[in-house]
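Subject: Handover of a structure and notes on its contents

Dear colleague,

Please find below the structure that I am passing on to you. My notes on it follow directly after it.

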Amino acid sequence: MTDPITGVVTAVDRYQLHPSQTRYLNARDVTCGTPGCRRPAKLCHIDHSKDFALGGPSCNDNLCNECARHHTLKHATNWHVEQLPGGILTFTSPGGKTYDSHPPSRVAFVPTDDGELAVAPF
């Protein structure tokens, strides 16, 4: 499935992702999706928020980057992760406390040769 306007691959009907999905998710997330973790996305695992084996789709709104440590934490403990559109993640601890994680802004201000700031989209 592709976005009709941008042409970005948004979903596939199998577990293995399309390479453009991986590029999109790495650009969207920038780092591990766990609050406070700064591990670069390109060094993380791409995880289905709702498990693929339990019917979770391989779509961008069900996929996020998690470093190996936090990926294991999610699957081997009682932490629960819910993904909202746009890559927003809500982590719920075993004690019921919630933590939100938002991907960084998609706009960055970068210096130009003349010392001014310009807007550069990610």
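The chain has 2 helices and 9 strands; helices (H or I, at least four residues) and strands (E, at least two) are DSSP runs, numbered from the N terminus. Their order along the sequence is β-α-β-β-β-α-β-β-β-β-β.

Please note that this is a predicted model, in which local features need pLDDT of at least 70 and side-chain atom pairs count only at pLDDT 80 or more, while totals for chains, interfaces and linings use all residues. Residues are numbered from 1 along each chain as its sequence is written, and side-chain values use heavy atoms, with hydrogens and water left out.

Overall features

Taken along the principal axes, the C-alpha atoms of the chain fill a box of roughly 50 × 35 × 20 Å. Of the 122 residues in the chain, 34% are buried; buried means under 20% relative accessible area, exposed over 50%, and partly exposed in between (1.4 Å probe, protein chains only). The chain exposes about 7800 Å², and carbon and sulfur atoms supply 58% of this area. Accessible areas come from the Shrake-Rupley method with a 1.4 Å probe, and for residues only the protein chains shown count as cover.

Among the contacts in the chain with a separation of 6 or more, 38% are between residues 24 or more positions apart; a contact means heavy atoms within 4.5 Å.

Asn 62

Asn 62 lies in the loop between strand S3 (58-59) and strand S4 (63-66). Is Asn 62 buried or exposed? Asn 62 is buried, because its relative accessible area is 7%. The side chain of Asn 62 reaches two backbone atoms: the nitrogen of Lys 50 at 2.8 Å and the oxygen of Pro 57, also at 2.8 Å. Leaving aside neighbours within four places in sequence, Asn 62 is in contact with Asp 47, His 48, Ser 49, Lys 50, Gly 56, Pro 57 and Gln 83.

Aromatic pairs

The chain has 2 aromatic pairs, under a rule by which rings of Phe, Tyr and Trp (its six-membered ring) pair if their centres lie within 6.5 Å; planes under 30 degrees apart count as stacked, over 60 as edge-to-face and the rest as tilted. The pair of Tyr 15 and Phe 52 is edge-to-face, because the ring planes stand at 70°, with the centres 5.4 Å apart. This pair links distant parts of the chain, 37 residues apart: Tyr 15 is in the loop between strand S1 (11-12) and helix H1 (19-29), and Phe 52 in the loop between strand S2 (45-48) and S3. Tyr 15 counts as exposed at 53% relative accessibility, and Phe 52 as partly exposed at 30%.

Trp 79 and Tyr 99 form a tilted pair, 6.0 Å centre to centre and with 35° between the planes. Trp 79 lies in the loop between helix H2 (68-76) and strand S5 (80-84) and Tyr 99 in strand S7 (residues 98-101), so this pair ties together parts 20 residues apart in sequence. Trp 79 is partly exposed at 26% relative accessibility, and Tyr 99 is partly exposed at 35%.

Cys 44

Cys 44 is placed in the loop between H1 and S2 and is buried, with a relative accessible area of 13%. Leaving aside neighbours within four places in sequence, Cys 44 is in contact with Cys 32, Arg 39, Asn 65, Glu 66 and Cys 67. From Cys 44 to Asp 113, the C-alpha to C-alpha distance is 34 Å, and the two are 69 residues apart in sequence.

With kind regards

Conventions: A polar contact is a pair of N or O atoms within 3.5 Å; within protein, one must be able to donate a hydrogen and the other to accept it, and residues adjacent in sequence count only if both atoms are side-chain atoms.
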